[in-house]
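Please consult the sequence and the model alongside the text.

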Amino acid sequence: MNDTEPLKPAALHILLALAEHTSHGYAIMQTVRERSGGRIPLQTGSFYRHLTWLIEQGLVAEAAVRRPAEDARRGTHYCITPRGREVLEAERRYLARVLSSFDGLRARKGASS
Amino acid sequence: MSAVKRDRTVQIYGLLLRAYPRSYRERFGGDMRETFLREHRNASGAGVLTRIAFWSVTIAQALWFGALQRWPASGRRRSHALLRAADLRHAWRLLVRSPVFTLTAVLSLALGIGAATTIFALADGLFLQASPGVREPHRIVDLERTTNGRGHGTLAYPAFEHLRDHTTTLDALAAVTTEPAALSLAAGDTSERVYGSGVSATYFDVLGVGVSAGRLFEAGEDDPRDARAVVVLSHRLWQARFGAAPGTVGREIRLNDVPFVIIGVAAPGFEGHSIAGADLWLPITALPSHRGEGGRARLTDPRYTWHKAIGRVKSGATREAAHHELSALFDRFKSATPAVPEAHGLRLTPGGRLPAAARVPFAAFIGLLFVLTAGLLVVACSNVAGVLLARATDRRREMATRLAVGASRGQLIAQMLVEVLLLFALGGLAAIPVMLWMAAAMQAMLPALPIPLSFELTVGARAGVFAAAVALGAALLFGLAPARHALRADVTSLLQGHTLTAGREPRRVRQVLVVTQVALSLATVISAGLFVRSLQAASDLDVGFETRHVLVVSLDTTLAGATGQRAVALTGDLVEGVRRIPGIEAVGHGRMLPLHGGGFHVGGIRVPGLADPQALRDDVNWDVVSPGYFRAISLPLVAGRPFEDRDRDGAPLVAIVNETFARIAWSGGSAVGQHVFQTSGDDAAGRPLEVVGVARDARNRTVAEAPRPFIYVPFAQQPQTRVEMFVRHEAGRDVSAAVREAIRMVQPALPVVTMQKFEEAAAVGLLPQRLAAWIGGAVGAIGILLAGLGVYGLAAFTVAQRTREIAIRMALGATRREISAMVLGEVWRVGLFALPAGGLLAWGIGRAIQGLNLLVDVSATDVLAYVAPAVVMLVVLAAATALPARRAAAGDPAGALRAQ
């Protein structure tokens, strides 16, 4: 993984959700769905596929401790790793560059018309 | 979700999880199950299609990701692309390289998917979808009256008012006439026929319908003491009749010559809550028919049941709670109003486009069509699976080679999966024209109906989702087995060339597939044959009267403002006017159109001294006829006299009964001169009618029914406003224009509602049989063709697989005849096993059809319907095996052995 290859939208959203706080599978899915306005169509199968990939890449890990108040049935909690945060930061910089290209486009259009 | 259902869901998902490798399952399985269960709970509240889509995606993802997890592609892969372009290109090339296989497979899949989807679209339109323009349709309920807990009856207006004013579980409750009535609309100096429903002011609130101009009804606008003559137009009528002019609101129009003011236009698309379409809505209390004598009684008499009601359940309340509350309210009303019969009760059903009474028979019939078309789909899929299996066997060497040079099994599975999916996707795409054609053909079969239908059989997005789900499901079910077979390859032995002796298993699978095909298509053709035999029997059947050379003219005297004795005078003039046309042999009229499916009552029957007083209570049918009726439809009287002009208003009341009635009431004794009593809600003792004649038994509602007790009363003594006029004319003479002109001469303001040949009108009763014969016949014929292809495939496959064996046998001295017999024998055993299986299946379907009362004078085990398809099947089997057998026998043993 390096700066030149952007994350898949679903993976990015999962990382973002975990950057906020440690969480379990279903809650992450819900957050992703809300944040993306339903544009990331995650189902159980595809969600775990992305999660597995993030774990394999070392961007996400299982959280060692679970908060005692949580319902035990909700299962394993996941958290973002330091490496995950780095990738997320790289992603942020990349997206900022994309955004500034957009802004430049708009400025040029505004000037020419 | 119930605990049992939850357990089953967990089990199914557990099975799906087995697609993943064990290590993965142990690590993530538990979490995935929990997550899935929550997702499933969210999805299970949604519609059928959402649930189908949810499960399709779940299954596809589990299988696909499971496979990817088991066999990760070796080397560097581009993250986890779902579909690799290279696989797709490769699959496409393979399909193009064998065009005959591809074309046959795609075509048969298209027919199977197309037929099943068309029937789904029909069921979807009638049952699953709400009428256009209705908001939150799942909260709508239909209210019906029951008698002793049974039936689908109408309500009395005072009862409705009581329920409307006291309910707390419904947002709103609205009364509505049972079906839109034909009205004559006059605006400016032209008049035309439109269809209008009488509704209470709450109607649009219940349905959540919006407004496109002006306003909808206000509370109190339907107050019976002060019903305002106002009307709301449908958007369509507004556009068609008034050019969508903004000044339409506020205009005055005349409906059946009564002035009404247009107050608004409903939202576009809305044409009423049921499949019977309406052009406009007026307060149910302001219906023109309420202005005649006795009209007011409809609104105040608690015994006069005549309308339906629909309600909107409050958000948060359940249908059960609403049912409970309304039943209690109705019971309270009943105990406070002694005139209401004790047997009456209330029932709530989910709202729908079909009247509740019609839902069960419709569902059963559509279910039957669905079974037939699903059978075709299975036959088509088995065929494709059979060929895929054969190809898989052929390709084992290719697969072994690729495995040997380092391809992963995952890659090969992915590639084969792509091939199968591509094939089925092409089939699904090709199904679109099939669906459009079938939908058009089915709509063309609909005869002229008395009421315009607000229903179009459209193949839209939902049908598309269904077709896609069916194609995907079939691809996974029928396409994965061959892929598995191809990959269960022992690399070394395969590369050494042991393919052709290996594997009885694929042949066994193909045999099962062929048995399924032959049996299913045979059963379909036999079922279709039963319907064809029914149609045949129906056309030969003596229904008791003569439908040929008779024109039926439907009229509504209220359209000319005539009710009661004025309607009698009007129809008398019309009969006179029409009779004067040259070439007319007889003219008469009744209230019912025979063989049209419905029944009619103008009261109850009491026969003094009847041993079983219940015998004539429920199923007596009535008709109100003119003196010329019996001659016009050639229905003979077996005793007594027909009605005459002397049976007029004020003269002694008379009646004519049919043979079944006479037999039940007087068991063989003379009926003429006896008295029966016509009872009503007010009058349990009833008024006496003298029986003056006995008519022959005839089929009245449908051709399939057994004779019912029937009673005819004279129109002059019990006038109606809806009239079916029967005009018997000379054979081959078209009198329709002359009849129309004669009616116009008598009463220019009276529009003809419909005019059709009696023969065609009566054929409506046979519509289900016609539809089933047509669909079953087409599906079955295609099925037999596909089964023939399947058998041919099996025979060719058998020969190919046993080439070496055949060669050795021939080298050892077997004759060509023996070789043919060996190959033929194996295939024939399969076919002969399938025939009785198909027959047995057909017998089951036949019994179900009989249970639905769809067979006309034909037994469910009609010999011809069974034998003819079986013979055709045998011929097809013979033809399909002849060529491969000859090829086997003509083989060159030395060459075959060398090739090994």
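Of the 113 residues of chain A, 29% count as buried, a residue being buried if 20 or more other C-beta atoms lie within 10 Å of its own, exposed if 12 or fewer, and partly exposed in between, with C-beta atoms placed from the backbone. The model is predicted, so local features need pLDDT of at least 70 and side-chain atom pairs count only at pLDDT 80 or more, whereas totals for chains, interfaces and linings use all residues. Residues are numbered from 1 along each chain as its sequence is written, and chains are lettered from A and ligands numbered from 1 in the order in which they are written.

Chain A contains four helices and three strands; helices (H or I, at least four residues) and strands (E, at least two) are DSSP runs, numbered from the N terminus. Their order from the N terminus is α-β-α-α-β-β-α. Two residues are in contact if their C-beta atoms, placed from the backbone, lie within 7 Å. Among contacts in chain A between residues at least 6 apart in sequence, 58% join residues at least 24 apart.

Chain A meets chain B through 15 residues of chain A in contact with 16 residues of chain B. On the side of chain A that touches chain B, helix 2 (25-35) and helix 3 (44-56) of chain A each supply at least two residues. Helix 3 of chain A gives the most, with six residues. By type, the residues on this side of chain A comprise four nonpolar, seven polar and four charged; Ala, Val, Leu, Ile, Met, Phe, Trp, Tyr, Cys and Pro count as nonpolar, Asp, Glu, Lys and Arg as charged, and the others, Gly among them, as polar.

In chain B, four strands form an open antiparallel sheet in the order 15-23-14-24. Strand 15 (584-590) and strand 24 (754-757) of chain B stand at the edges with a single partner strand each, so one side of each has no neighbour in the sheet. Two strands pair if DSSP finds at least two bridges between them.

| Strands of chain B | Sense | Bridges |
|---|---|---|
| Strand 14 and strand 23 | antiparallel | seven bridges |
| Strand 19 and strand 21 | parallel | five bridges |
| Strand 19 and strand 22 | antiparallel | two bridges |

Helix 17 of chain B lies across strand 15 and strand 23 of chain B.

Helix 20 (residues 736-746) of chain B has B:Val739, B:Ala742 and B:Ile743 as its buried residues. These residues cover an arc of only 100 degrees around the axis, which puts them on the same side of helix 20 of chain B; the arc is that of the directions from the helix axis to the C-beta atoms. On the other side of helix 20 of chain B, B:Ala737 and B:Glu741 are exposed. The cover over the buried residues of helix 20 of chain B includes strand 14 (550-556), helix 17 (564-579) and strand 23 (722-729) of chain B.

Strand 19 (residues 654-658) of chain B is largely enclosed by the rest of the structure, because five of its five residues are buried. B:Val654, B:Ile656 and B:Asn658 are buried on one side, and B:Ala655 and B:Val657 on the other. The bridge partner of B:Val654 in strand 21 of chain B is B:Glu690, while B:Val657 has B:Ile711 as its bridge partner in strand 22 of chain B.

Note on methods
Axes are lines fitted to C-alpha atoms, for helices over the stretch in contact, and angles run from 0 to 180 degrees between N-to-C directions.
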